[in-house]
Amino acid sequence: TQTILLKNRPDGKPTKDDFKFITEMIESPDKGQLILHTKYVSVDPYLRGRMRNQKSYIEPFALNEPITSAIIAEVGESNHKDFKKGDVVMGELAWKEHQLSNGKGLQKIPSDQAELSAYLGVLGMTGITAYVGMTNIGKPQDGETQVVSGAAGAVGSVAGQIGKIKGCHVVGIAGSDKKVQLLTQDFGMDKGINYKTTADIQKALKEACPNGVDIYYDNVGGEIADAIFPLLNHGARIINCGAIAVYNKTEMPQSISPQPFLIKNSASMQGFIVRDYKDQFSEAREALTQWLQDGKLKHKETIVEGFDTIPEAFIGLFDGDNIGKMVVKVV
Ligand code: NDP
């Protein structure tokens, strides 16, 4: 079976050379063990942080060890009392085509309610991230203006639609004309801005947000976030969800100082990690499922096929290759 190891700690943007494929033998499961056949692999921007050797909310990956991420797998041969052949499970698993497990951390998922890949996206970590960020920090009110960056991505597309469901005027920022078109046509946002082709983002934002900005759902950080500060309204909330624009930087970029803008507007800026909100996961999943069923929430996925494509799919996140959740379908 094939396994993908972290070969080098990436310097700047990850390259295929930072990953190593090896072939391993897989043993038969002992008592209390089972075999998992990988079906869908989630590739996520936060994995870039784990490739750095630095202290964070999650341990860094070790060199020459398998990378792990959220994976959906089918149970094969099982000597575990809680899992039988054919069960579909999800867990933080190694980038391996097949692997042994002791069942720890595995969660069974229904294979008849939604497409399986949805449990890695809209009904999984990214959808739940958008929900808890909006609910706990964004607190959208009818008639407010919300800006969301990374708006055509997995978290951003859901965060923007939650704003619409709550009655906000929503402006999305994304990196291609095709994505910007999707923001309004498919995700129901009011306006889209292509940050790659717009010379003056702040001017474009000002035009798109005539009443100022009450909520900024930030997935990217960097210069786009800087452009927002001068547009904040009294009592505005900034949700620091992600900062993909700086994840590959080798030196910390210069940024404008947000304090004066926060102070004079009694505005707040708060970071969060989705796993700190575990007690809200089931509420989030229920709400997201209901909105999907009611047609109020649309979700998109970019599904790349083949175990071999996992590193490329991951690297592609930094080139904007995905619309909605980036997922690798293995079998
Ligand atoms: P996405 O589906 O949004 O994929 C990443 C997207 O980021 C790309 O498609 C690209 O879109 C955009 N992007 C890449 N490089 C840059 C750049 N330099 N500047 C601006 N945009 C860029 O990923 P996710 O939805 O999984 O994650 C979105 C953000 O949320 C990430 O920052 C992630 O780390 C964070 N996150 C935080 C969590 C938390 O608990 N706080 C949990 C999950 C995710 P484009 O074409 O528009 O450039």
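Reader: Where does Ser 266 lie?

Author: Ser 266 is found in the loop that links helix H8 (259-264) and strand E13 (268-271). Please note that this is a predicted model.

Reader: Is Ser 266 buried or exposed?

Author: Ser 266 is exposed, because 11 other C-beta atoms lie within 10 Å, and the cut-off for exposed is 12 or fewer.

Reader: What about its phi?

Author: Ser 266 has a positive phi of about 50°, although the residue is not a glycine.

Reader: Lys 139 next. What is its phi, and where is it found?

Author: Lys 139 is not a glycine, yet its phi is positive, at about 40°. Lys 139 belongs to the loop between H2 and E8.

Reader: What sort of unit do E11, H6 and E12 make?

Author: With helix H6 (residues 222-228), E11 and E12 make a β-α-β unit, and that unit is right-handed.

Reader: What joins E14 to E15?

Author: Strand E14 (residues 301-305) and strand E15 (residues 325-329) run parallel, with 5 bridges joining them. Ile 303 stands opposite Val 327 in E15. From E14 the chain crosses through helix H10 (residues 310-316) to E15, and this β-α-β crossover is right-handed.

Reader: In which sense do E3 and E4 pair?

Author: Strand E3 (residues 34-42) pairs with strand E4 (residues 68-78) in the antiparallel sense, over 6 bridges. Leu 34 stands opposite Ser 78 in E4.

Reader: And E4 with E5?

Author: E4 and strand E5 (residues 88-94) also pair in the antiparallel sense, over 7 bridges. Thr 68 stands opposite Ala 94 in E5.

Reader: Changing topic: how is the chain divided?

Author: The chain is divided into domain 1 (2-121 + 300-329) and domain 2 (125-276). The C-alpha centres of these domains lie 29 Å apart.

Reader: How many residues of each domain are in contact with the other?

Author: On the side of domain 1 there are 16 residues, in contact with 17 residues of domain 2. By class, the side of domain 1 that touches domain 2 has 5 nonpolar, 6 polar and 5 charged residues.

Reader: Where is the ligand relative to the domains?

Author: The ligand lies between domain 1 and domain 2, because both give residues to the shell around it.

Reader: Which residues come nearest to the ligand?

Author: Of the 31 residues around the ligand, Gly 153, Ala 154, Gly 175, Gly 242 and Gly 320 come nearest. The shell contains 18 nonpolar, 11 polar and 2 charged residues.

Reader: Gly 150 now. Where is it found, and is it buried or exposed?

Author: Gly 150 is in the loop between strand E8 (145-149) and helix H3 (154-165). Gly 150 is buried, because 29 other C-beta atoms lie within 10 Å.

Reader: What is Gly 150 in contact with, leaving aside its neighbours within four places in sequence?

Author: With those neighbours left aside, Gly 150 is in contact with Val 155, Gly 156, Asn 219, Val 220, Gly 242 and Ile 244. Gly 242 is also one of the residues that come nearest to the ligand.

Reader: Last one: why does Pro 14 count as buried?

Author: Pro 14 counts as buried because it has 22 C-beta neighbours inside 10 Å, and the cut-off is 20 or more. Pro 14 sits in the loop between strand E1 (2-6) and strand E2 (19-23).

Reader: And its contacts, leaving aside neighbours within four places in sequence?

Author: Apart from such neighbours, Pro 14 is in contact with Arg 48, Met 51, Phe 314 and Ile 315. Pro 14 and Arg 48 are 34 residues apart along the chain, and their C-alpha atoms are separated by 8.0 Å.

Key: Residues are numbered from 1 along each chain as its sequence is written. This is a predicted model: local features need pLDDT of at least 70, side-chain atom pairs count only at pLDDT 80 or more; totals for chains, interfaces and linings use all residues. Two strands pair if DSSP finds at least two bridges between them. Helices (H or I, at least four residues) and strands (E, at least two) are DSSP runs, numbered from the N terminus. A crossover is right-handed if, with the strands pointing away from the viewer, the path from the first strand over the helix to the second runs clockwise. Two residues are in contact if their C-beta atoms, placed from the backbone, lie within 7 Å. A residue is near a molecule or strand if its C-beta atom, placed from the backbone, lies within 6 Å of it. Ala, Val, Leu, Ile, Met, Phe, Trp, Tyr, Cys and Pro count as nonpolar, Asp, Glu, Lys and Arg as charged, and the others, Gly among them, as polar. Domain bounds come from an automatic or database domain assignment.
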